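Here is a short briefing on one protein chain. Keep the sequence and the 3D view open while you read.

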Amino acid sequence: MGELHALAIAVPTGGLAVVAYLVVGLVIGVESMGIPLPGETTLIAASLLASQGDLRLVLVIAAAATGAIVGDSIGYFIGRKAGRGLFERLGKRSKHFSTDRIERAERYFHKYGVWTVFFGRFVALLRIFAGPMAGMLRMPYPQFLAANAAGGIAWSTTIGIVAYNIGDNADKIFGELSVWALALIAVAAVAAYAIYKLRQRRRTDGVELTEPVDAQ
């Protein structure tokens with residue numbers, strides 16, 4: 001709560017409202033590149049100011065979405081060029097890039113693919129790792145960009161609108177929401193895998209039924 005109010009005070013308003021939107025986009029963009037910053041809390045603080053008439057919510061959401069998409073794309077190309085060595089070097093300098101966290105993020109990418117990029121925007125750990133990790137694992141950029149843009153817009157709009165309406169409790173609520181978002185990724189992935197296997201089995205059965213029976 002204290003961090004939320006401190007950020008709300010730090011975000012400029014009034015005649016400097018343009019700077020406020022730039023701050024929102026910059027903080028979220030840098031976080032999306034793989035640098036741990038309070039991106040979501042900054043968006044919540046700006047949305048809270050918008051609810052008080054100091055900023056325009058539409059512009060707050062637009063700035064956040066733009067920062068998320070651009071930052072993730074930069075992080076993607078950094079990860080693609082630097083590879084795993086980047087995470088190993090960062091792991092020596094910050095606990096945010098510990099070996100355990102990197103391995104967890106990598107497992108999500110291997111299991112859930114683009115869903116990790118989309119839903120990962122709602123999860124603090126994956127929000128930081130999504131761009132660089134996707135680049136390191138050589139995910140096709142058009143595929144990454146589509147999931148990145150959709151996730152960035154959905155996240156910015158959801159967080160912005162809900163924070164605008166519920167006010168000071170937003171930071172705590174979205175902290176809990178991140179856990180549920182992670183669970184949703186797992187459920188969606190399991191469902192998608194089950195459907196894929198079911199369709200594959202039906203195709204296999206169909207081929208067997210249409211094969212000619214050998215004369216005895």
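Among contacts in the chain between residues at least 6 apart in sequence, what percentage join residues at least 24 apart? The figure is 77%. Keep in mind that this model is predicted. The chain has 10 helices and zero strands.

**Overall picture**

- The chain holds 216 residues, and 42% of them are buried.
- Along the sequence, the pattern reads α-α-α-α-α-α-α-α-α-α.
- There are three salt bridges in the structure.

**Helices H2 and H3**

- Two packed helices are described by the angle between their axes and the distance between the axes.
- Helix H2 covers residues 17-32, and helix H3 covers residues 39-51.
- Their axes come within 8 Å and cross at roughly 160°.
- H2 and H3 are therefore roughly antiparallel to each other, since angles over 145 degrees count that way.
- The crossing of H2 past H3 is left-handed.
- On the H2 side, the contact uses Val24, Val27, Ile28 and Glu31.
- On the H3 side, Gly39, Glu40, Thr42, Leu43 and Ala46 take part.
- By class, the residues of this H2 with H3 contact are five nonpolar, two polar and two charged.

- Gly39 sits in helix H3.
- Is Gly39 buried or exposed? Gly39 counts as buried, at 0% relative accessibility.
- Leaving out residues up to four places away in sequence, Gly39 touches Val27, Ile28 and Glu31.
- Gly39 and Ala124 are 85 residues apart in sequence, and their C-alpha atoms are 9.2 Å apart in space.
- Glu31 belongs to helix H2.

**Salt bridges around Arg127**

- Side chains of opposite charge can pair when their charged atoms come close.
- Glu31 forms a salt bridge with Arg127, and their closest N and O atoms are 3.5 Å apart.
- Glu31 lies in helix H2 and Arg127 in helix H8 (residues 124-136), so this pair ties together parts that are 96 residues apart in sequence.
- Glu31 has a relative accessible area of 3%, so Glu31 counts as buried: the cut-off is under 20%.
- Arg127 is buried too, with a relative accessible area of 4%.
- Glu40 also forms a salt bridge with Arg127, with the closest N and O atoms 3.5 Å apart.
- This pair links distant parts of the chain: Glu40 is in helix H3 and Arg127 is in helix H8, 87 residues apart.
- Both Glu40 and Arg127 are buried.

**The salt bridge of Asp72 and Arg121**

- The side chains of Asp72 and Arg121 form a salt bridge, at 2.7 Å from N to O.
- What parts of the chain does this pair tie together? Asp72 lies in helix H4 (residues 57-82), and Arg121 lies in the loop between helix H7 (114-120) and H8.
- The tie therefore joins parts that are 49 residues apart in sequence.
- Asp72 and Arg121 are both buried.
- Across the structure, salt bridges that share partners join Glu31, Glu40 and Arg127 into one network.

**Helices H4 and H8**

- At what angle do H4 and H8 pack? The angle is about 45°, and the axes are 6 Å apart.
- That makes H4 oblique to H8.
- H4 and H8 make a right-handed crossing.
- H4 brings Asp72, Gly75, Tyr76, Gly79 and Arg80 to the contact.
- H8 brings Arg127, Ala130, Gly131, Pro132, Ala134, Gly135 and Met136.
- The H4 with H8 contact has five nonpolar, four polar and three charged residues.
- Asp72 of H4 is in this contact, and Asp72 is also a salt-bridge partner of Arg121.

**A backbone detail**

- Most residues other than glycine have a negative phi, and most peptide bonds are trans.
- Arg138 has a positive phi, near 60°.
- Arg138 is in the loop between H8 and helix H9 (141-166).

Methods. Residues are numbered from 1 along each chain as its sequence is written. This is a predicted model: local features need pLDDT of at least 70, side-chain atom pairs count only at pLDDT 80 or more; totals for chains, interfaces and linings use all residues. Side-chain values use heavy atoms; hydrogens and water are left out. Axes are lines fitted to C-alpha atoms, for helices over the stretch in contact, and angles run from 0 to 180 degrees between N-to-C directions. Helices (H or I, at least four residues) and strands (E, at least two) are DSSP runs, numbered from the N terminus. Angles under 35 degrees count as roughly parallel, over 145 as roughly antiparallel, 65 to 115 as roughly perpendicular and the rest as oblique. A crossing is left-handed if the near helix is turned anticlockwise from the far one by less than a right angle, and right-handed if clockwise. Contact means heavy atoms within 4.5 Å. Ala, Val, Leu, Ile, Met, Phe, Trp, Tyr, Cys and Pro count as nonpolar, Asp, Glu, Lys and Arg as charged, and the others, Gly among them, as polar. A salt bridge is a side-chain nitrogen of Lys or Arg within 4 Å of a carboxyl oxygen of Asp or Glu. Buried means under 20% relative accessible area, exposed over 50%, partly exposed in between (1.4 Å probe, protein chains only).
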